[in-house]
Structures are given as structure tokens and as C-alpha cells.
Amino acid sequence: MDNLQPAARAALIEDADWQSALQQALAQTRGITTDLAVLFASAEYAEHLPEIVRQVWDATGTSVLIGCSGQGIIGPARELEDRPALALLVISLPGATLQTARFTQELVQTCEQPKQWQEQLAIPPDDVNAWLVFADPFRMDCDGLVEGLARAYPGRPTLGGLASARPSDRRTFVFLGNEVYDEGGVGLAIGGPYSILPLVSQGCEPIGEPWTITSVTNNLIETISNRPAYEVLVEMFQGLPIDVQQRSQGNILVGLAANEYRDEFRRGDFLIRNLIGVDRTSGALAIGALPRVGQTIQFQMRDAATADVDLNELLDQTRTALGERNPIAAILCSCNGRGVGLFGRPDHDAGAVASKLGLLPLAGLFCNGEIGPIGARPFLHGFTASIAM
């Protein structure tokens, strides 16, 4: 029987010289047998990414490397936005089953049935406890990718994010093994005695009351509880305390219940989607999702204060659920709309993780979209912190 214990080490290095950054990261993560290397590198290093990935692959001796480029890079308790940096997380997982996948747009378009996904990826569902996924947002149908994995591997936590770059650059990169790709996606199927504990903080607070959707056309909610949807929205807003009205101006979203079989709905029970617009003539609301008749809806508010409370409450719940156990490591995928721009100070999300869970080995990035489950099903999110432990 293998008595080796899992272990992990992480490094976050800021340096305009990519070679210096890489050598520092490798020096800080030496000392364990590496089964998995997770690498996030600043878009500032774009032309050097193939060499960075190759050197990490060779130096760590890992059998699996996965990661992507980022506009901002995250490490233990720190977040570096719009600065040249890289984060390296190396993990020893004795007895793990680690299988990688390369996702292409052709795969997403041609695989219509779960069995086709399983056969094309050559990964049986019984070998998978969880997925870690990174993808290019510009040349890949990422919603289709997440949906396909959800159907092919139901009930498996799927977390990750979409690679990012400088705002003026619509080119991102994903890493798998010793290769760098500028399109598609990459995935890691984790099996054996290990899995991923997910935490998905959508940063919202429910406002008003839950209602039932009674009429829809595509992404238009026409009626809620048999009343024009806009009328319900206005009534809800007018019933809020004045201070909440002021905070929610321009910050109202919709929440669609992930699980209808609940006696009461709380923070985290809803899939959050944007309120795109209203038709005051018909009373319809356009949202960034395809709602269903009979689905429960509750309006939501998102700002810095609600995002802070939501993440910290979820971390408290996670700490309680873990009991005496501790995660081996964590990967933090935070929306590039969070960070200093939302909270007014650096290190918010990474600092919260360190405060609640300790300074565990962690790596991550600021994403163009975050992947994580609400209820039992994964979704592609925005303005979210998705944490894979």
C-alpha cells in the first residue's frame, strides 16, 4: 500500500524578465514529486509562453501540465493585475488517476450525444470524479463545451475559467503538456481517491421575494405570477429600503433557481444572469439566459459589499463542511471585473481564501468567464469567483 501523502507547493512571481520569474517560481516549488503542474502566465509574456511551458514541463518532471494565460495572475493571498507575473502550483497526488483532454470547436460542434463525448475524449465516466477546464473565449463555443461535459459526465464538479489577455488583445493561450495553443480548450479529469470541492461565489444578494415565471419567449420573461414581468420588477424595487434602492441602481440582476425542490431559497441557490433590457410596452424582461415556465425567479443585487459578504459566507460554510480536513491545494478563477476595479483594493478574493482556509498552496488568474457548478450542474459565469479545492 502506498503510504505517501499528497503535497503541494505554490509560487507567485512578478518580474518583467520572464526567465527570472520562471527560475524563481521553479526554485520555490522544488522538493516534491510532481504529478500535476498548474501554470498561469501573464499575457505580458505571450511570445515566450512556449518556452516557459516547455521549461516547466522539463524541470518539474510532471506527467500532467495544464493552465492558461491571464490578464492578471493570482497566488497565495495575492493578486497581480496587469503586471508581468506567473503562478506555478505543483501537486503530488499518490494513486491519482489523471487524464487530460484537448477540446476543439469541431469536437463541440460534432459531438451531440454524451457517448460521443466520452468516446472522442477516451475518458469513461467511471474514471472521473471532477473536471478542471480552461478555454479560449474568442475561438471556442465555451457554453457548448461546458454543456457537453455536463451531459457526458453528469454530477461531476467541473471548474475552471476562460483565459484572458490585455484588453486590447483578443488572443489568449491554453497549456497542455508541453504545448501551447491559441484556440480551443484543455481539461484534466481527476480520478482515484481525489476530487474537487467547489466553491462558486456569484457575488449577489437576493432582493425582494421569489416568484414563478408564467410566460416566456426565448430569453424574454413575459409574465411573472401572471403579471407583466416589468411590473413585478418595479414593484419589487419600490418596496426596497431607500438605501438598498440606491445601492441597487444599475446593479440588479436575475436569479433562476438551480433546484426547484426547496422549501426556501437562499443565497447561492440561484444561477445569476444579466438583466439585459426591458420592454415597457409589453412588460417583458430580456435576460442573459433561456428561462422556463414554472421556474422560480428572484431578483438579485451585486456590488462590492454583496460580493464581499457572499464570498466570505461561502468560505465559512466550506470551512465548517471540511471539519478537520484540509484541501491539498486550490485554484482560484476570478472574473476580471472583480479585483481592484470592484473592491477598490488588491488581493480581495485570494486574501479571503487565505483568511478563512489558511495560506494553502493556491494559483489562479483573472478570467474572461468562470466555470463552476450551481447545484449539481456546471455553468459558465461572469463576475464570479470560482474556487476548485
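Reader: Which residues in α8 meet which residues in α10?

Author: This is a predicted model. Contact here means heavy atoms within 4.5 Å. On the α8 side the residues are Asp308, Leu311, Asn312, Leu315, Asp316, Arg319 and Leu322. They meet, in α10, His348, Asp349, Ala352, Val353, Lys356 and Leu357.

Reader: How do the residues of the contact of α8 with α10 divide into nonpolar, polar and charged?

Author: Leu315 in α8 and Val353 in α10 are among the residues that meet. Asp308 and Lys356 also take part. The division is six nonpolar, two polar and five charged.

Reader: Are α8 and α10 roughly parallel or roughly antiparallel?

Author: Helix α8 spans residues 304–322, and helix α10 spans residues 348–357. Their axes are 10 Å apart and pack at an angle of about 30°. Angles under 35 degrees count as roughly parallel. Therefore α8 and α10 are roughly parallel.

Reader: What is the handedness of the crossing where α8 passes α10?

Author: The two helices pack at an angle of about 30°. As α8 passes α10, the crossing is right-handed.

Reader: Which residues of α10 are buried?

Author: Buried means under 20% relative accessible area. Seven of the ten residues of α10 are buried, so the rest of the structure largely encloses this helix. The buried ones are His348, Asp349, Ala350, Ala352, Val353, Ala354 and Leu357.

Reader: At what angle do α1 and α2 pack?

Author: Helix α1 covers residues 18–28, and helix α2 covers residues 49–60. Their axes are 11 Å apart. The pair is therefore roughly parallel, and α1 passes α2 in a right-handed crossing. The packing angle is about 25°.

Reader: How many residues of the contact of α1 with α2 are charged?

Author: From α1 come Trp18, Leu22, Gln23 and Leu26. From α2 come Glu51, Ile52, Gln55, Val56, Ala59 and Thr60. Six are nonpolar and three polar; the charged count is one.

Reader: Which strands stand at the edges of the open sheet?

Author: Six strands form this sheet with mixed pairing, in the order β1-β6-β2-β3-β10-β11. The twist averages 15° from one strand to the next. Each edge strand has a single partner, so one side of it has no neighbour in the sheet. The edge strands are β1 (7–14) and β11 (179–181).

Reader: Which residue in β11 does Leu176 stand opposite?

Author: Strand β10 holds residues 174–176. It pairs with β11 in the antiparallel sense, over three bridges. Opposite Leu176 stands Glu179.

Reader: Which strands does α2 lie across?

Author: Helix α1 lies across β1 and β6 (85–92), at about 155° to β1. Helix α2 runs at about 155° to β2. The strands under α2 in this listing are β2 (36–42), β3 (65–70), β6, β10 and β11.

Reader: Is Thr158 buried or exposed?

Author: Thr158 lies in strand β9, residues 158–162. Its relative accessibility is 2%. The cut-off for buried is under 20%, so Thr158 counts as buried.

Reader: What separates the C-alpha atoms of Thr158 and Val133?

Author: Leaving aside neighbours within four places in sequence, Thr158 is in contact with Trp131, Val133, Ile371, Gly372, Pro373 and Pro378. Val133 is 25 residues from Thr158 along the chain. The C-alpha separation is 7.2 Å.

Terms used:
Residues are numbered from 1 along each chain as its sequence is written. This is a predicted model: local features need pLDDT of at least 70, side-chain atom pairs count only at pLDDT 80 or more; totals for chains, interfaces and linings use all residues. Side-chain values use heavy atoms; hydrogens and water are left out. Axes are lines fitted to C-alpha atoms, for helices over the stretch in contact, and angles run from 0 to 180 degrees between N-to-C directions. Helices (H or I, at least four residues) and strands (E, at least two) are DSSP runs, numbered from the N terminus. Angles under 35 degrees count as roughly parallel, over 145 as roughly antiparallel, 65 to 115 as roughly perpendicular and the rest as oblique. A crossing is left-handed if the near helix is turned anticlockwise from the far one by less than a right angle, and right-handed if clockwise. Ala, Val, Leu, Ile, Met, Phe, Trp, Tyr, Cys and Pro count as nonpolar, Asp, Glu, Lys and Arg as charged, and the others, Gly among them, as polar. Two strands pair if DSSP finds at least two bridges between them. Buried means under 20% relative accessible area, exposed over 50%, partly exposed in between (1.4 Å probe, protein chains only).
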